[in-house]
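Visitor: Could you walk me through this one slowly? I am new to reading structures.
Guide: Gladly; let us look at it together.

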Amino acid sequence: MFLPGIRRRSVLAGLTAAAALPAPSRARAQGKTIISHGIAIHGEPGYPPDAKHLDYANPDALKGGSIRLAAGGTFDSLNPFILQGTAARGVAGIYEPLLETVYDEVSTEYGQLVETIETPPDRAWVIFTLRANARWHDGKPVTPDDVVFSFNILKEKGQPLYAVYWHDVVAAEALDERRVKFSFRGGDNHELPVIIGQLTVLPKHWWAGRAFDQASLDIPLGSGPYRVDSLEAGRFIVMRRVEDYWGKDLWLSRGRYNFDTIRYDYYRDEQVAFEAFKAGDVDYREEFTSRLWATSYDFPAVKSGAVQKVELKHESTLPMQGIGFNLRRPMFTDRRFREAFVHLVDFEWFNKALSWNLFTRIDSYFFNSELAAKGLPSKDELALLEPLRSQLPPELFTKEFKLPVTDGSGNNREGMRRAIALLKEVGWEVRSGKMINVKNGQQLSFELLLGAPRLERFALPFKEWCGRVGIDVRLRTVDPVQYQKRMDEFDYDATIVIFSQSLSPGNEQREYWGSAAAKTKGSQNLIGIADPAIDKLIEAVIAAPDRPSLVTRSRALDRALLWNYFIVPQYYSTTFWIAYWNKFGRPQKTAKYQPRGIETWWLDPEKEKTLGQTPPERKT
């Protein structure tokens with residue numbers, strides 16, 4: 001349903017109790033159309049139009065104070081919608097989408113800039129009616145012309161992913177001073193009104209005379225709850241709450257946007273960022289390194305309770321993360337070649353020796369959800385897969401996909417034997433301790449490109465495992481800007497890739513695995529998958545008419561991706577690891593699909609006083 005880079009704020013807004021729809025009706029028919037305050041891909045929205053606030057927000061949360069966060073790398077732009085430049089953290093938060101996603105329902109959105117959503121039963125089009133009081137920070141109204149401008153400029157000059165994601169949106173037109181209509185390409189795609197609802201709306205009048213496709217540090221105009229307050233390129237950016245924000249009284253706004261300022265300080269070294277957190281210069285930290293989580297959160301502030309260390313369970317899908325091969329390189333095109341590297345991985349040893357057994361192995365592209373393939377294909381899955389049998393790996397039909405398991409001793413002899421046998425099938429053999437191409441006598445060698453030093457934790461053992469069978473893996477870690485440029489150009493042999501998924505996969509699957517995206521520089525199809533069978537399974541997922549069929553079709557797609565061994569899967573924690581200085585209030589209930597969101601937190605003056613910290617106005 002969503003694609004990283006498409007606007008998805010964790011900020012939600014909806015109708016006031018006096019807005020368009022009379023309670024208790026959630027949607028009403030008008031002629032042959034349905035008009036509602038919210039929309040779901042399948043089923044009905046859970047919150048009624050007269051809801052008072054989100055269940056996971058505290059409407060009595062205090063306003064004020066600040067929170068200081070750490071960001072990695074650098075930035076040289078305030079335009080997060082283009083390939084050029086590196087955008088500052090948080091800057092996308094000054095804008096608003098038409099609709100906002102909630103995190104306690106599956107693929108459901110409610111009006112943010114929009115008062116009502118009108119669709120026909122077949123969802124061939126959608127009409128959004130903008131809120132009469134929606135305003136830009138300069139006081140001018142948000143108009144349908146702004147919406148049409150945003151759609152066109154993002155497709156024409158934004159990142160390539162926009163054109164792919166909105167491929168089936170064929171027209172956008174302003175109907176009058178408050179209504180805008182989007183028309184869709186024919187076919188069964190129930191998610192189109194939802195995904196076009198994620199459109200970030202930009203001010204047409206502000207962009208007039210400005211080059212949209214050029215990186216810039218001009219402070220942009222937004223309509224959201226925060227605006228850019230101050231910045232120093234590459235060092236920090238401060239976002240300030242908009243006191244007269246037009247949407248502050250919307251029911252989905254209650255209990256959110258509580259901090260007066262949000263400051264991001266940039267650190268080029270992750271260890272330095274951790275030390276800054278320990279020193280109290282950073283207020284909140286999400287940890288991704290098992291070694292640090294297991295061994296380094298024992299400093300005095302943790303022991304005294306001044307710093308809280310929390311593990312948050314959740315029910316969301318987890319990203320597929322692993323070593324991805326660039327299929328645009330000839331050596332990686334054979335499935336058996338790629339599979340060999342899966343057998344070389346000794347995850348059980350890695351998890352025990354280097355990760356304190358904190359991780360779970362990723363075994364699905366829809367990990368931690370009902371969408372993940374399990375066992376053998378079901379009857380309904382086979383109905384999709386059988387017509388493609390000749391184009392799919394034969395094992396898919398007869399075996400359950402399982403990753404190799406070792407004894408954790410560090411001696412993965414069975415895995416090495418299997419890898420050597422597979423490589424021999426495709427023309428490689430071990431000679432004098434080196435894996436040699438039998439045709440040209442060259443050693444098997446490739447570069448594993450990394451964008452952050454912390455990724456070396458897995459990459460170094462991987463290099464060693466490959467070295468044991470004579471494969472030369474050259475590790476290269478570059479800065480984030482250079483890394484992103486090489487990813488956009490597909491200039492790499494192998495790299496560690498991360499593909500995030502929602503609980504309702506759809507159009508974004510084309511961008512991840514589709515043949516068209518494989519040819520588009522800057523797309524998310526980093527691997528370069530161009531497979532007709534996978535294309536057909538993607539389209540089946542997109543056309544799913546209901547939740548059960550979506551689950552079936554996602555599992556079928558999952559099997560095809562897994563059995564092709566495009567990625568050497570890594571691992572993930574099924575909990576979020578967070579730590580923070582104990583001066584904040586948090587809602588008692590968290591969102592089950594995204595429990596770590598600090599947009600519902602607030603500064604607690606009594607806790608801050610107990611900590612004895614300098615008032616938050618310092619450094620802002």
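**Salt bridges and cores**

Guide: R241 is buried, with a relative accessible area of 15%, where buried means under 20%, exposed means over 50% and partly exposed means in between, using a 1.4 Å probe and protein chains only. Please keep in mind that this is a predicted model, in which local features need pLDDT of at least 70 and side-chain atom pairs count only at pLDDT 80 or more, while totals for chains, interfaces and linings use all residues. Residues are numbered from 1 along each chain as its sequence is written, and side-chain values use heavy atoms, with hydrogens and water left out.

Visitor: Okay, what does R241 form a salt bridge with?
Guide: R241 pairs with E243, and their closest N and O atoms are 3.8 Å apart; a salt bridge here is a side-chain nitrogen of Lys or Arg within 4 Å of a carboxyl oxygen of Asp or Glu.

Visitor: And is E243 buried or exposed?
Guide: E243 counts as exposed, at 54% relative accessibility, whereas R241 is buried.

Visitor: How many salt bridges are there by that rule?
Guide: The count comes to 35 salt bridges. One of them joins the side chains of E275 and K278, at 3.6 Å from N to O.

Visitor: Where do E275 and K278 sit?
Guide: They are in helix 5 (residues 270–278), and because they are three residues apart there, about one helical turn separates them. Helices are DSSP runs of H or I with at least four residues, strands are E runs of at least two, and both are numbered from the N terminus. E275 is partly exposed at 36%, and K278 is also partly exposed, at 28%.

Visitor: What about R418, which residue is its partner?
Guide: R418 forms a salt bridge with E339, with the closest N and O atoms 4.0 Å apart. Since R418 lies in helix 12 (residues 413–425) and E339 in helix 8 (residues 335–344), the pair ties together parts that are 79 residues apart in sequence.

Visitor: Switching topic, which residues touch the most other members of the largest nonpolar core?
Guide: Those are F341, F462, I471 and W513, in a core of 100 residues. A nonpolar core is a set of buried Ala, Val, Leu, Ile, Met, Phe, Trp, Tyr and Cys residues joined through side-chain atoms within 4.5 Å. Helix 18 (residues 547–563) supplies the largest share of this core, eight residues. Apart from this core lies another, of 73 residues, which includes V114, A172, I196 and F259.
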